[in-house]
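User: Please look through this model with me and answer a few questions about it.

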Amino acid sequence: YAPFGYDVVDQRYTINEVEAAYVRRLFDAAQNREGTKHIIDEMNAAGITGKRGKPIKYSQAYEILRNVKYTGLYVYSPQEEKTRADRRKKPNALKIENALPVIVSKAQFEEVQKIMDERKQSGRKAGYLCSGLAYCECGAKLHGFTSRRKGHEYRYYKCSAVCGAKMIHMEKLDNAALGYLKELLNDDNQAHIASALRSY
């Protein structure tokens, strides 16, 4: 399958202008630190799907924003990398410049990667029980966010896609998660779980 934004015609990549327009809008939104939910909703409303015929979701939009092929660079890995980070960055891959028609400039692509990496790092803060484990109503992950005002520190969870949803106080979400786990792992349930494991 060609990446979203391209078609294959006579064994060559060609730009699918309708899809490419949405790819550019996703990159523009990410570059401007805006959410992408409205663009994803618009694609779904227009019946625009991924190459396998499935609706575009946040995870697909994320992969689009990480795909270097939109800059014209073709990357091929003869062997699969061992770590997830290397599978994304492909340090040992064969790279061919100008192998695909350009949809996004290299400068814009690199800037978007920096912005996304900053967001990724901001979510890995100690003390946030649910960071990266809870999800916003738009489908994106919630990450920890610390605000400091007038000498006071306030901790929240915010949408990693910056869809516009309100931030949630850390204590509220963490306490809800702890309460759920306590209920889930009560004595009766633990006995059922142990019995089921023994039977298995």
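Predicted model: local features only at pLDDT ≥ 70, side-chain atom pairs only at ≥ 80, totals over all residues.

Analyst: Residues are numbered from 1 along each chain as its sequence is written, and side-chain values use heavy atoms, with hydrogens and water left out.

User: Does E19 count as buried or exposed?

Analyst: E19 lies in helix α1, residues 17–31 (a helix is a DSSP run of H or I with at least four residues, a strand a run of E with at least two, numbered from the N terminus). Buried means under 20% relative accessible area, exposed over 50% and partly exposed in between, with a 1.4 Å probe and protein chains only. Because its relative accessibility is 10%, E19 counts as buried.

User: Which element gives the largest share of the nonpolar patch?

Analyst: L184, which belongs to helix α6, counts as partly exposed because its relative accessibility is 38%. The elements that give two or more residues to the nonpolar patch are α6 (170–184) and α7 (187–199). The largest share, four residues, comes from α6.

User: Which residue is the bridge partner of Y156 in β7?

Analyst: Strand β6 (residues 152–159) runs antiparallel to β5 (residues 142–149), joined by eight bridges, and strands pair if DSSP finds at least two bridges between them. Two bridges also join β6 to the antiparallel strand β7, residues 168–169. In β7, the partner of Y156 is H169.
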